[in-house]
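Good morning, and thank you for coming.

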Amino acid sequence: MTHLPTSPFPALLVGLPVLLAVLGLFFRARGRAAVGLAGSFLTAGLVFVAFFEVTQRGTLIHILGGWEPPLGILLRLDPLAAVFIGLTAVVGVVISLYSWWYLRAREACTGGFPLFWPLWLFLWAGLNGLFLSNDLFNLFVAIEVVGISAVALAVLSGSSAALAAGLRYLLAAIAGSMAYLFGVALLYGSTGTLDIGILGQVLEPGATTTFALLVITLGLMIKTASFPFHFWLPPAHSSALPPVSALLSALVVKGTFYLLLRLWTEVFGVSLTFAVGQFLGLAGAIAVIWGSWQALMQDRLKLIVAHSSVAQLGYLLMIFPLLVLAPGVTAGSADWLYPAWTAGIYQVLAHAFAKASLFLSAGIIVMALGHDRIQSLRDLVAWMPMTALAIGIAGVSLIGLPPSGGFMAKWMLLKGIFLSGQWWWAPAAFAGSLLTAGYVFMLLRLAFAPAREEGPFRPVPRILQVCALLLALGSFLIVLPAESLIRFLEGSEVFGTGIETIMEGGAYGND
Amino acid sequence: METYQIYSLTSAVLFVIGLAGVFASGHFIKKIIATNIMGGGVFLCLVSFSGRDALAFADPVPHALVITGIVVAVSSAAFALSLARRIKQLTGKESFSNDK
Amino acid sequence: METTSILPLLILVSSLVPGILILLLREEQIALRTSLNLFGALAKVGLIAWVFAGYLRGEEYNFTFNLALDLTFTLRVDQLGLLFATLSSVLWLVTTVYAIGYLEGGEHRRRFFAFFSLCVTASTGIALSGNVITFFVFYEFLTLSTYPLVVHRGTDKAVKAGRTYLWYTIGGGTVLFLGVVGLFVLAGPVYFGQTDIIAGLVEENRTLLTVLFFLMLAGLGVKAAIFPLHGWLPVSMVAPAPVSALLHAVAVVKAGAFGIVRLVYDVYGIETSGQMGVLTPLAVLAAFTIIYGSVRALYQDDFKKRLAYSTVSQLSYIALGVAITGVLSTTGAVVHLVHQGIMKITMFFAAGNIAETYGYHKISQLNGIGRRMPLTMGAFTIAVFGMIGLPPVAGFVSKWYLGLGAVQAGSYWVILVLLASSALNAAYFLPIVYRAWFCEPEQAFVRPQRSGLLETQASLLLPVVVTGMLSLAAGVFAATAGSPLAIAREIAEKLYLTIP
């Protein structure tokens, strides 16, 4: 790993947001927001440049302080990480733009929740750190930074509902972190190293490794709100401020998914069995159906969107049973690996854009009406056509209708399911699409229906609606560069790989 | 059985007790204490590894990890406690009325 | 061979661009909107005529675009597609005129005409699709663009109907999606006409291919209103008459029927389908739907609902014709695509005229209306004769060929079905004709709510007369070259040429 080209970018990607966040703390309310917004744009610009670097030079590393692993901290910016960091930046900067106006309108006296900005920048730094870290402990620190910032953001509004939901979130986060740390401890105990690359090579199958795998997966599943640990997500995401909900649903939960993906493919290949992969897929399938069903039953927009997040995250988990190869199957012959990976990437991208857009639209509705009961959405196409369009487009992507990003994800997922012969996942995907269509069209139906009575509504600044619409369109536009994106991702060692399970005679390894 | 294996086992037990405790009760403080117990188990496990393989001196890496972990756990607990306190102030509730 | 031409794309754009532009207009900009609509419709007809002429000269028009990774978007002009596209565009032009008049003074017209245009874009896209993926994309797009039209009126009934519509069509779409993905995984990107791909796979994957066939058939069958997936059609009658006319003659239902034609002929191939034995269940289901639809129609008093069940019945003629092997039955099926469209649209226009001019929605109210609206009812009567199968109206031609095809294939039971259906058609249509012309009105006529030079507004009258005459002409001039029958015959013959 240390032979790869070095670059200061990985460190900057974590350091700059932190610096800007700290800088912001020195200002008073309005100044803080300005610093925050400017900081967001700066960080986004940095990400853009770093992304470009990676396309030119391939995977970049940065060795902090010059101390090499296994004791030092190595940050790795490979194409996969770059895509996630890029996603965070693009969605994040649009949400920042939205927040500037939204928060000010929401609480004009204090300049709109000034603590939002440093917290958001810390969160961003933590996410970047999570995507870049290459050793288990740095990952733990990143997870913590992300977790605490996220909870703090979630309780920002100060309402009792937000506080209760935030406490639940925090407890789940701590439980998840402790579980993760336990696994890290076990891995260190058995191998003496924390570096992901080295672990992948020296890890041997055994009780300790299996237990570590299970407990780390447990921790990460709690944090990704997988069934049956999903209960904290709907209240937390729905009672937070709309821009925060967007950040949480679109970006934060993707971080722990990324981690799950990395650790399973790069570290744990040796102790995974086919059954464990199936178990994860089952959790995902149940989440898809359960979450969509719950969304259908809600009567508040933010709750619908939050439950929808649980469901859509379930799709991500359904990738795992496809990645774990049955005994005897080699990665070379498994032509479903590519579609499975593509499905995962596109589900992450499409869901991030669509979900952020939906939460931002929900914020617009709340600002206009003062509440988010969906019965008041009647005739939305007349009094807020842009927002109705945004909801429609984002919803279509969630259902997975062509030619959206969500369609690409479901297409690839079904391809992977069929190619691998694991057809039993197809009904879950099928039911998920139908139920998603159910709640999306429930919203659209109301949007087209004539109004019952003329309710009062506040005018909403155009820029907010434009932000929501942009993100919704984004969920469609990500399909266009598909070829180049996949080619770019192939530069990452881990993309397109499968996890070969233990075979007889002790042959193991991940290619 | 070697020493550190006893420690590992104990830590596993503590961890499970803590995890169960988080889900078992709805009371805020009980849940927070449960997470601390989980943490305790994990830290015990981590620290026990610093004495493995009969090294001449204790391995400092687990020490560093545990210290970081304890700091994080304490801060999180403090955060959780302040949230619980605020909820009590606002609503008078001390537990989640309907769990999950 | 593979000349990439932008013309197929232009044909789509001619209704896509007006659709999007109309969305951006304000509600009051009526003149601009009307001009955009008509311009788009005329442009589309013109472009298709141009392409048609080119096609007859032997030119090929292909437009391929790699959407992403392995999803290729292809538009390709072939005779079957051209036939459907011509039908769509001509009837769209007529319906646009009708809708402009019908919705005068109505609300949300901007929304209506915008989605109207998008709907036709989807429909034409289905016609011109060159492979299964492109077809699927437009198929789903059709669902999305027709929903706002169904719920246009905004009443509770309309909203409820929209919900039913969606459950059926999205459900069907998802099932179709499963079939499409499965097919893709098994056979790669299947271009329409490349039936040898599936033929090569039948030996080893017979069961899987059969399952996929029925999955796709189910998905297509929803839009084609095959029993028991027809439930959305009568319920959607709550939409305004132009929507019912368009949905029932051109867009949604024909898309489903067209899809079935493509599935059997251009994806699986007639030989392979026959070998696999999937055609018999299709024939049985189609036959049942034919009778079922007609029987249900007998009991409807609501005019549009009776027409809806008649559509359910008539569409399965196409499916039945597809399911029977033979040049003649294929000709009958393909030509009925066109003929049923023209005849049914006439009937819906007539129903809409009566409803708008006098407010009569029920058949029991139609006594003596023929005297008040002779042109409208005249056109309707012509269409009725066609539906029953009386010469020289178009419907006779298609039924004749279907019957002959049944004889050729030795499926004599089909003839029984056809005869029974004709009898039932007579049973539920002739009373309307009789009432209209020969009965005394039970109540005094109200003053016409729409008036024009003749019996009603010109923009309502002209379309119905035009389509009525087209129904007659398609039958009378069926033997001439260039008629729908001649083209259908050519398509059928080309299909069976490859079979020894």
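First, the conventions. This is a predicted model, in which local features need pLDDT of at least 70 and side-chain atom pairs count only at pLDDT 80 or more, while totals for chains, interfaces and linings use all residues. Residues are numbered from 1 along each chain as its sequence is written, and chains are lettered from A and ligands numbered from 1 in the order in which they are written.

Let me start with the chains. Which chains share the most contacts? Of the two pairs of chains in contact, that is chains A and B; two residues are in contact if their C-beta atoms, placed from the backbone, lie within 7 Å. On one side are 29 residues of chain B, and on the other 22 residues of chain A. The elements of chain B that each supply at least two residues to its side are helix H1 (3-24), helix H2 (28-48) and helix H3 (60-91). Helices here are DSSP runs of H or I with at least four residues, strands are runs of E with at least two, and both are numbered from the N terminus. H3(B) gives the largest share of that side, 14 residues. By class, the side of chain B that touches chain A has 19 nonpolar, six polar and four charged residues. Ala, Val, Leu, Ile, Met, Phe, Trp, Tyr, Cys and Pro count as nonpolar, Asp, Glu, Lys and Arg as charged, and the others, Gly among them, as polar. Chain B and chain C, by contrast, do not touch, and their nearest C-alpha atoms are 32 Å apart.

Chain B itself has three helices and zero strands. Its radius of gyration is 17 Å, well over the 13 Å that the globule rule gives for 100 residues, so chain B is more spread out than a compact globule. That radius is taken over C-alpha atoms, and the rule is 2.2 Å times the number of residues to the power 0.38. Along the principal axes, the C-alpha atoms of chain B fill a box of roughly 55 × 25 × 15 Å. Of the 100 residues of chain B, 36% count as buried. A residue is buried if 20 or more other C-beta atoms lie within 10 Å of its own, exposed if 12 or fewer, and partly exposed in between, with C-beta atoms placed from the backbone.

I turn now to chain C. Chain C is divided into domain 1 (1-270) and domain 2 (278-500), with bounds from an automatic or database domain assignment. The centres of these domains, taken over C-alpha atoms, are separated by 22 Å. In chain C, 39 residues of domain 1 are in contact with 44 residues of domain 2. H3(C) contributes the largest share of the domain 1 side, 13 residues. That side divides into 31 nonpolar, seven polar and one charged residues. As for H10(C), 16 of its 16 residues are buried, so this helix is largely enclosed by the rest of the structure. H10(C) is followed by C:Gly269, whose phi is positive, near 85°.

The largest nonpolar core has 439 residues, and those touching the most other members are A:Val91, A:Leu153, A:Ala154, A:Leu247, C:Val261 and C:Ala319. Such a core is a set of buried Ala, Val, Leu, Ile, Met, Phe, Trp, Tyr and Cys residues joined through C-beta atoms within 7 Å. Leaving aside residues up to four places away in sequence, A:Val91 touches A:Ala250, A:Leu251, A:Ala352, A:Phe353, A:Ala356 and A:Leu471.

Finally, the backbone. Most residues other than glycine have a negative phi, and most peptide bonds are trans. The loop between H7 and H8 of chain C holds C:Ala225, where phi is near 55°. Is C:Ala225 buried or exposed? C:Ala225 is buried, with 29 other C-beta atoms within 10 Å. C:Pro228 lies in the loop between H7 and H8 of chain C, and the peptide bond from C:Phe227 to C:Pro228 is cis, with omega near 0°. In chain A, the peptide bond from A:Pro402 to A:Pro403 is cis, with omega near -5°. A:Asp379 has a positive phi of about 60° and counts as partly exposed, with 19 C-beta neighbours inside 10 Å.
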